[in-house]
Amino acid sequence: MKEKILSKHFVLENFYKIDVYLQKKGYQAVKKALNEKTPENILEEVKAANLRGRGGAGFPAGVKWSFVPQQVDKPKYLCVNADEGEPGTFKDRYIMSHDPHLLLEGIIITSYCVGIHTAFIYIRGEYEAVALRLEKAISEAYKNGFLGKNILESGFDLDVYVHRGAGAYICGEETALLESLEGKRGNPRLKPPFPASIGLFQSPTVINNVETLSNIPSIILKGAKWFCKKGLPEDGGTRIFGVSGMVKKPGIYELSIGTNLKDIIFKHAKGMAEGKKLKAVIPGGLSAPILKADEIDIKMDFDSLVNANSMLGSAAIVVIDEDTSILDVLKVVTRFYSHESCGQCTPCRIGSSWINKIVRRICDGKGKNGDIDNIIRLASNILGNTLCPLGDAAAMPILAIIKKFREEIESYVSN
Amino acid sequence: MKIIIDGKELEVEGKKTILNIAQENDIFIPSLCDHPRLAPFGGCRLCIVEIKGRKNYAPSCCTYADDGMEIKTKTPRLQRLRREILELILSEHPNACLICSEKENCDDYKSTIRKVGETTGCVLCSNNGRCELQDIVETQQIEQVKFPSFYRDFEVKKSDPFFDRNYNLCILCGRCVRICHEVRGASAIAFVNRGSQTVVGTVLDLPLLDSGCQFCGACVDVCPTGALTERAIKYEMLPEETKKSVCPLCSAGCELKIDLMGGKILGSKPSEDGAVNRGQACVKGRFIIRDLVYSPRRILKPLIRANKKLEEVSWEEALDFVTRRLKKYKGKEIALITSPQLSCEDNYLFQKFARERLKTENIGSSYSFSPLAVYHEMSQKNQLGLALNFKIRDISKAKVIFLLGEDLAVSHPLIWLEVLEAVKNGAKLIVASPNELPLNRFSSLWLQIKPGSEFHLLSFLSRILIENGGAGRLSRIEEFDSFKNSLNKLDISQVFEITGITEKELIKTARLLLEEEPAAFLFGMGLTQHPWGSQNVAALQNLALQTQAQLFPLGLENNLRGLFEVGRNYPDKGLAFNKIIQGASSGDIKALYLAGPMPYLNKAKLEFLVLQDCYINENFELADAVLPATTFAETEGTFINEEGRVQRFKKVVEPVGDAKPDWWVISQLACKMGNKGFNYKDVSGIMKEMSKVIPGFSNISYLKLENGKEIFIRDEKKRRKSFIPLKDNGPLYKTSKKYPYLLFVDYSLDYYRSLPLGRESLGLRKIRDSRWIKISPEDAKKLKLDEGESLRVESSSGSFNGFVKIIESMPKGTISTSLLWSEDSDFSAVSFFTGFFQEENALGMLPVKIKRGK
């Protein structure tokens, strides 16, 4: 792909500084949006661009914004979900550390569109350096009049705050994020009501992923049509694929939505490391059901992966080679989710912890007949039976691994 | 709308969850985390149901019914899933007995001593028989748990008062956390850790004592398992019987359920259908009732002084003795002290006895120090006819609440709940207090006033409202001009100097007061205790007129109102409480009949002292006759709570020893002294007479009350709207070089009759010891005082002892102590104040000096 939307300037030195950013025609989108467009125009444009959420669920951003009630006597809020916690995912970190002003532009335009005057960037606690860089970028933006009162003489006000999480995966779930932002324990809320009507501090709230918002400036500058062409008609733009695991060249690759997974691994990431054979791929972060080596001839977009019983999720591709024991993969998956369950719903809290205990036992060579069926039963009971998507996220990969590699796991149990 | 549950078509009105609808229609859906007082949680997942057209099962506790929904609650798949979820819960909960095939036989053979280090099954659990998990397992036919039992090995928390926390039995339903947060507003506990390590705990794992817990016991009451259990009855069997009663320990009048075994009280719990408390109580009603009935200080037998010693005698002898001795005195030489903790019937008989037999009008009580007394007198004096009744529930509907002179967390826990509900619904709360109160956490504005400066605060507020809001329609109200002129003397530039509040804060307060309605002004003894208490209330009444607020006088004792209503029937007033004390000291009063609290009388020149009480107190040794009285649980009658609600309470247990109801003692004495008018068989006869004799009681009948009718005492009818010109009483309490600290009193009402509750309940003493002298950290540091050290407080009028308690929120230069009527004389702040009893209603504050040691 010739022109990138998000990672175009990642290679430039000091691009995170506003001087360099402005030299490269930065903040043009904000100027265009605030000076030439009405909020309604912007909403139409974003809707037409078919920009789907990059956090994992793939909900169209424009539609989400349109759920926010127009006339309310409460303030409205924007929360930027930068709690990039899905194992294997590191795309937002790159955007925020290399191109923070792109995100800020996205925030300003979105806030202008929805009528928001306060935005929070909820960033995961471990991203300390990134948070500092964001704060620096925000203060630069204030100094240059892109944030604060009466931005670019347009009469629009916006304040942006960085809020650092404390290291819980669940806080990436949007309602748990709101709880955490309010200073409470990050437990998910019951839905409905949805955050668009009752969100942060009981007020209407838009929650978008970093990558989603970073796409907004180019939609404003170049239009929805151009953006759609970058991807698929119903799923516009590009994705930043984060490739990790046993490939020659791991890293982030910004490619059109719908790029073939095989090409990403073998062309862009230069194939398997050390000449090993491919065993399996996790295509969209740890919670995405695993694909076997013979299933990777697939287009990387939301719908194609759903049809293959997996999901695009955060587009984090984890490549597993023939030398890796699938049991180790299962152990990592189960340990992670049993540790990160918030503890509210019984099936997820106790179920995931039993699965982890059983897997650990198998790893210790003490597997028993019926263990695998027990894991399947426990995981199936979690599926669709918890408040928030974490339960599903825990159960789906476990079920897929067992379904696709049952023989291998059985061999560990019987030996 | 119509919905179908299990093929049954149901008509539903309003927004309701599927679980609620099912419960209303006797369709059983198991649930462990849902609770009627709490917001839906959706955690336990046992209440899942199948809804036609939905991919996933829905938790019925947090899914609201929609028109046309078709719901199935008992499909085989659902049942299986429920069983498996229950198995998961059981895998972390000692379950041996739940699934044991021999459990039916076990009950017959198990030993009764179950005090064990580790609970492994129901038989060994203190909650056996009252466990919701046990009940649910019963309904789900669990035969085996497919997982090995996993013991989480949490340390059992036993260091806090009243209840143990054994989180090995916890199923994380979250009810305790939610009731503490949503209903009680204490937020002392929360979930800590995550995943399989999730557990309920306090901040930094501190003891509850240090985590803001008020020990109301609400968490214990909602816990479905044995994780939270009341320590005192932990290994008791199930109660044989439960009877209803009314708590006598504050003016809210919580309805209690008293559990009984073998005719003795096991414990007390709030009644879910209590009109006032709706399932809530406080530490006193929940944990102390049993202790006060079975206190070792109870007086068991009548005693009379013979040969200089008190000797046990029969009731007949004691009554004859008292009759004989009382007859020697002329009316004016006799005085009686009654109590606002006694029933209306008791108090009526005291009044009647005093007037008809003893021919004296000298009948006093601590009523005169209550906000109700000050409020009513102010109303009378100015012919305002202000309403004394109010609805406690109205507080929760207020949009602005202004609170003065009361720490609700301690003295009015039920009112605290109403205020909290109002705040939750968006009300603005303004608190005026010198020290930081727990409730301030919920306030929009805290006015940290100088102690005793309420009058000026209120006057300044009135003036600001007049100046900024203009007079408008208010000027048409009577006395507006003289009221306005009386405010002219105030110098606004001095406001900070006098009250400690800036002009800016005052303007903000005034704005909040005007912004929304309805407004509720709550005030307690902190406002009325001063010699100028009446002026304080007048100033508050003026402000209420300006802002269209309703006044809520919050008294302490449970039957203040009843005592007042009985007393107001007699226009002739004898000596008031303080004058009786002075009379006893001067020798003008020769015979004193004590049925209510009274400071130590060691300096009194009395010839004859009768003590009619439940408990031995320091006046016991001075008494010539001691008559053992029953507690509320051993007798019956009516109380009238602070809102004017008439509450019937019945006998719950047989009296301890030879104790007799107060009304019985009086009627017997009266019968011995004359033969007419005191021949009552039971309290109903007294009430019948009262309803004829006292206009306020004319609408009261036991029959109606027992049939569940809500009856409120008749209230003032002739209201008159008028401002009251204010009189500035000059400077506040002034400290001096000799007496550099200002002492004020906490009104905790931690006593029942003459028993300081902390004396009987070690738990309560840990929470708030009546012997604590609270002091700020700065002052403690300056004086090099350590927590718990002995401290002596001296003023120009006396001295008392106590122990240092360092409290962050105490303002510098002040100390405070509890007001107890009959604590050991050495520790009794009230005897210290007796020299200060100049004004009828005033207890006031005092400049004092303090020094280490006794």
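In chain A, A:I282 stands opposite A:V318 of strand β10(A). The model is predicted, so local features need pLDDT of at least 70 and side-chain atom pairs count only at pLDDT 80 or more, while totals for chains, interfaces and linings use all residues. Residues are numbered from 1 along each chain as its sequence is written, chains are lettered from A and ligands numbered from 1 in the order in which they are written, and side-chain values use heavy atoms, with hydrogens and water left out.

Strand β10 of chain A covers residues 316-321. Strands, here and below, are DSSP runs of E with at least two residues, and helices are runs of H or I with at least four residues, both numbered from the N terminus. Strand β8 (residues 278-282) of chain A is joined to β10(A) by four bridges, and the two run antiparallel. Two strands are said to pair if DSSP finds at least two bridges between them. Strand β6 (residues 238-245) of chain A also pairs with β10(A), over four bridges and in the parallel sense. Within β10(A), A:A316 is the bridge partner of A:G242. Strands of a sheet pair through backbone hydrogen bonds, either parallel or antiparallel.

How many of the six residues of β10(A) are buried? Six of the six are buried, so the strand is largely enclosed by the rest of the structure. Buried means under 20% relative accessible area, exposed means over 50%, and partly exposed lies in between (1.4 Å probe, protein chains only). In a regular strand the side chains alternate between the two faces of the sheet. Both faces of β10(A) are covered: A:A316, A:V318 and A:I320 are buried on one side, and A:I317, A:V319 and A:D321 are buried on the other.

Chain A also holds an open sheet of five strands in the order β3-β4-β2-β1-β5, with mixed pairing. Its edge strands are β3 (148-151) and β5, each of which pairs on one side only. From one strand to the next, the twist averages 25°. Axes are lines fitted to C-alpha atoms, for helices over the stretch in contact, and angles run from 0 to 180 degrees between N-to-C directions. Strand β3(A) is joined by two bridges to strand β4 (residues 156-164) of chain A, and these strands run antiparallel. In β4(A), A:L158 is the bridge partner of A:G148. Helix α7 (residues 128-143) of chain A packs on this sheet, where it touches β2 (118-123), β3 and β4 of chain A, and its direction makes about 165° with that of β4(A). Contact here means heavy atoms within 4.5 Å.

The discussion now turns to charged side chains. Over all chains, the structure holds 71 salt bridges, a salt bridge being a side-chain nitrogen of Lys or Arg within 4 Å of a carboxyl oxygen of Asp or Glu. One of them joins A:R54 to A:E211, with the closest N and O atoms 3.9 Å apart. A:R54 lies in the loop between α3 (39-48) and α4 (61-66) of chain A, and A:E211 lies in helix α9 (residues 210-214) of chain A, so the pair ties together parts that are 157 residues apart in sequence. A:R54 counts as buried, because its relative accessibility is 0%. A:E211 is likewise buried, with a relative accessible area of 0%. Both residues belong to a network of salt bridges that links A:R54, A:K91, A:D92, A:E211 and A:R239.

A further salt bridge brings together the side chains of A:K191 and A:E174 (3.2 Å, N to O). A:K191 lies in the loop between α8 (174-181) and β5 (205-209) of chain A and A:E174 in helix α8 of chain A, 17 residues apart. A:K191 is partly exposed, at 34% relative accessible area, whereas A:E174 is buried, at 19%.

In chain B, the side chains of B:K157 and B:D205 meet in a salt bridge (3.0 Å, N to O). B:K157 lies in the loop between α4 (132-140) and β6 (163-165) of chain B, and B:D205 in the loop between β8 and α6 of chain B, so parts 48 residues apart in sequence are tied together. B:L204 is found in the loop between β8 (199-201) and α6 (218-222) of chain B, and B:L204 counts as exposed because its relative accessibility is 76%.

Chain B also has an open sheet of three strands in the order β10-β11-β12, with antiparallel pairing. Its edge strands are β10 (241-246) and β12 (264-270) of chain B, each pairing on one side only. Strand β11 (residues 255-261) of chain B pairs with β12(B) over six bridges in the antiparallel sense, and in β12(B) the bridge partner of B:M261 is B:K264.
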